[in-house]
Structures are given as structure tokens and as C-alpha cells.
Amino acid sequence: MSSKKNTCIVLGVTGGIAAYKACELLRLLQKQGMDVYVVMTKHACQFVAPLTFETLSGHPVAVDTFERPATWEVEHIALAKRADLFLIVPATANIIGKMANGIADDMLSTTVMATKAPVMIAPAMNTGMWQNPATQQNIRTLEARGVHVVAPATGHLACGDSGAGKLEDVSVIAERALDVLNRKRDLEGLSIMVTAGPTREALDPVRYISNRSSGRMGYAIARAAQRRGAKVTLLTGPVAIEPPQGVQVVPFLTTQDLLEKSLAHVAEQDIIIQSAAPADYRAKEIAPQKMKKRGGADMVIELVENPDVAATLGAGKRADQTFVGFAAETNDVLEHARGKLAKKNLDMIVANDVTAPGAGFDVNTNIVTLITKENMVSLPLLTKDAVAEHILDGIISLRK
Ligand code: CTP
């Protein structure tokens, strides 16, 4: 961990049993040279006395907009401006819901709404509350707005249940906080096109061929690239996740459509990252009407090969451009990935074994190997957000 002097962290503490862990986090951040100011919700004060945070931080603790302790005139605005990073640890379902829906009705929710600093939350709650679709939707909304989410760990919870919802280790939260503070805007001035998600190849007006790509890896890359200062164009197939704010979104449906839209945008890009999962085949003929059952007889659908988007783009790659592809494999991962690197004229290929636990479709994590012509780096099990940062780091060192 590297330190940064006089950096100001505003630490919001909400009312959960994990509130006491925020004391330890405050200490860890101070050891890194941070100045920490604490804002507590009223419920948080039921778990830990404000005096504890006041003594540890050396600053008055802000609790409510109507109490006006000492120094700040319009207290929440002053705190919001002072923050280099706004942390909420632990974050309850309630504060997450308020942030996602623009509700500002106490000191903490008004302050976080007013801040222009990066915001990071570390949720902690009962498993059922964490898994509730409302919470998950709110988390997706916040992530799409650029809020950093330190996902809760799985373990034994204070309520007696076991499952996801336990506050992540405070040392991990501190590390992630420092990462965000130290993150350079090292992609400023670069244009990056990211492709994400599946294609849909119609069979008839109601049916199509598709695949299990969720788009999450590509969306994580688009979000990270945008945060690091790039101008991002996100070509997206039909997915169920929110695109990050501030990126140009171009939807596609079929592989041919992806090819045409990629070709329309490729010339202005410095970097393209192709995490989309285009169908290799499409129906030779799309039935104009809904196909009917055949009274027991087999149905044969003839498929024809689609263009290879990455190979087509790779053939026209300029020397100043960097092209990255993915290889989702189920066997002989590295061998297949190396073959695709060469065949598609890529500079880097991100290989993963989609059968490995924690990798592949519909999960927030991935296990990948970054392969270039000269190098190979195998990464451990990481969140897709962390994998995205590694891919971008790899691209930057390739372009040096
Ligand atoms: N890709 C592409 N066009 C296709 C198929 C794949 O541009 N028609 C791209 C993907 O976006 C990915 C890379 O090529 O970046 C590898 O995709 P993958 O499906 O693993 O490879 P394929 O070339 O389709 O090889 P195969 O299905 O035989 O493994």
C-alpha cells in the first residue's frame, strides 16, 4: 500500500452490527497518512458511540443536519467538498436504497449526494437482504454511476445465518480505498471501444440462437476505462445490466450487425477490447412466420457461418492501434487462446476456462490469463472489476 499525505477521507458509518469494524478501518487509513472525518447515521450511534469516532479521528463527528457543531457553516457541503474519497462502511440496505434513488434525508445521505469525490461503499447485512432483488438492483444502479462497491464476503453472520452479507475484511477495504485514491487517469486522451454481451440470431419471428454471455466482463472494462479517463464506446448485445454513465452506447443484435457497427467505429479508436460473444453461425434462412411443430418428425435447421469480427478488424489494424480479444474455452485453454491471438492479429488475448468454478458466465468473478506475443500472466480468482483493471494495465504496458 502506498500512502498519500493529507488526503481527506469522509467515512460514513451506518447502523449495522459491523459498525464497530469502522473504528479499525479508520485506524488503518490513518496509518496510511489519511485524515478521516466521520459522519454517522442516528442508527449507527446505537451501535457505536460518536465519542469513540470523535476520539479516534480527532474531529467532531457529524450526525444530523440540524445539529451544528462548531466549525462548519453549511456542514454537509463543507464535508462533501473536503473529501478526496467518500467511504460508507458498513453500508446498510437502507443507505444503498437511498443513494440509488436520490433520497437525502439525513446528514450522511445529504453529504454523499453533495460530494464530487469518488464514492466507495462496503455493504454488510443479512443474506436475505443482500440477495433481495431491490438491493441487487440498487447496487447495479450505483455501480453504473461509478460508485465502487466492495462486495460483502460470505461467512457466519451476527444474525445467526451463514451466507453472503458479511462486511469484507477492513484491510481489503482499506486497500481498495487506496487503489481508488492512487488511480491515475492514465487513459486520458485515448479512445477505447469495448464490445460486450451475446448476439441473437433469429430463427423465426419469436425464436433465436444466443449464448450465456452476461456482458459483465465487458461492462466492467468499459466502466474502468471510463474512470481512468478514456473516451469509451460500448458496443453491447442484449444484456440485463446498466451501462456505465458517460460512455457512448451502441447496441447490436446479430454478429453481422456487430461487424458493421465495429467497422463504423474502429478507425477512431486507439484500443479495442472485444469481450462480446458473437454467434459463429446463423440460420441460413429466417422463417418469415413462426415455425410449427412437425407432428413427431425431426426438425433440421441449416446454419451458415458468420463473419469473424475480430479477424476482420485485425486484418485492418494500424500500427498505432492495440486490439484485445477474449478466448472462452472449455479445454486446452492456452493452446486455443494462442492460436486465436495469431489468427485474429490481436495484441493480447484474455483466456479463461469457463468450466472453472468462479469463472465464466453469470458470476461476478473470473480467473484469466493475459497472453501477448511475448508474455503470459496468470491472475488468481478476482472480481471482474479487478480483472478489468489488470487488462487495462496490461494494455498500457504494451503501448509503452
Ligand atoms: N469473435 C468474433 N467474431 C466471431 C467469433 C468470435 O469477433 N464470429 C471474437 C470474440 O469477441 C473474442 C474472440 O473472437 O474476442 C474469440 O472468441 P471465441 O468464441 O472464443 O473464438 P472463435 O473464433 O469463435 O473460435 P471457436 O468458437 O472455434 O473456439
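**Exercise 1. Determine how the span of helix H9 compares with the span expected at 1.5 Å a residue, and which face of H9 is buried.**

Solution.
1. In this predicted model, H9 covers residues 170-182, 13 residues in total.
2. From its first C-alpha to its last, H9 reaches 18 Å, close to the expected 18 Å.
3. The buried residues of H9 are Val-170, Ile-173, Ala-174, Ala-177, Leu-178, Val-180 and Leu-181.
4. Viewed down the helix axis, these buried residues fall within an arc of 160 degrees, so they line one face of H9.
5. The cover over them includes helix H1 and the strands E1 (7-13), E2 (34-40), E3 (85-91), E4 (119-123) and E5 (148-149).

**Exercise 2. Classify the packing of helix H1 against helix H3, and name the residues that meet.**

Solution.
1. H1 spans residues 21-31 and H3 spans residues 50-57.
2. Their axes lie 10 Å apart, at an angle of about 10 degrees.
3. Angles under 35 degrees count as roughly parallel; H1 and H3 are therefore roughly parallel to each other.
4. On the H1 side, the contact is made by Ala-22, Cys-23, Leu-26, Arg-27 and Gln-30. On the H3 side, Thr-52, Phe-53, Leu-56 and Ser-57 take part.
5. By type, the residues of this contact divide into 5 nonpolar, 3 polar and 1 charged.

**Exercise 3. Decide whether Met-348 is buried or exposed, and list what is in contact with Met-348.**

Solution.
1. Met-348 belongs to strand E17, residues 348-353.
2. Its relative accessible area is 2%. The cut-off for buried is under 20%, so Met-348 is buried.
3. Setting aside neighbours within four places in sequence, Met-348 is in contact with Phe-323, Val-324, Gly-325, Leu-341, Leu-370, Ile-371, Thr-372, Ile-391, Gly-394, Ile-395 and Leu-398.
4. One of these, Leu-398, is 50 residues from Met-348 along the chain, with 8.8 Å between the two C-alpha atoms.

**Exercise 4. Describe the backbone at Pro-90, Asp-332 and Asn-345.**

Solution.
1. The background is that most residues other than glycine have a negative phi, and most peptide bonds are trans.
2. Val-89 and Pro-90 are joined by a cis peptide bond, with omega about -10 degrees. Pro-90 sits in strand E3.
3. Asp-332 has a positive phi, near 40 degrees. Asp-332 is located in the loop between strand E16 (322-329) and helix H13 (333-343), and is partly exposed at 47% relative accessible area.
4. Asn-345, also not a glycine, has a positive phi of about 50 degrees. Asn-345 is in the loop between H13 and E17, and is partly exposed at 32% relative accessible area.

Note on methods. Residues are numbered from 1 along each chain as its sequence is written. This is a predicted model: local features need pLDDT of at least 70, side-chain atom pairs count only at pLDDT 80 or more; totals for chains, interfaces and linings use all residues. Side-chain values use heavy atoms; hydrogens and water are left out. Axes are lines fitted to C-alpha atoms, for helices over the stretch in contact, and angles run from 0 to 180 degrees between N-to-C directions. Helices (H or I, at least four residues) and strands (E, at least two) are DSSP runs, numbered from the N terminus. Angles under 35 degrees count as roughly parallel, over 145 as roughly antiparallel, 65 to 115 as roughly perpendicular and the rest as oblique. Contact means heavy atoms within 4.5 Å. Ala, Val, Leu, Ile, Met, Phe, Trp, Tyr, Cys and Pro count as nonpolar, Asp, Glu, Lys and Arg as charged, and the others, Gly among them, as polar. The expected span of a helix is 1.5 Å times one less than its number of residues. Buried means under 20% relative accessible area, exposed over 50%, partly exposed in between (1.4 Å probe, protein chains only). The arc is that of the directions from the helix axis to the C-beta atoms.
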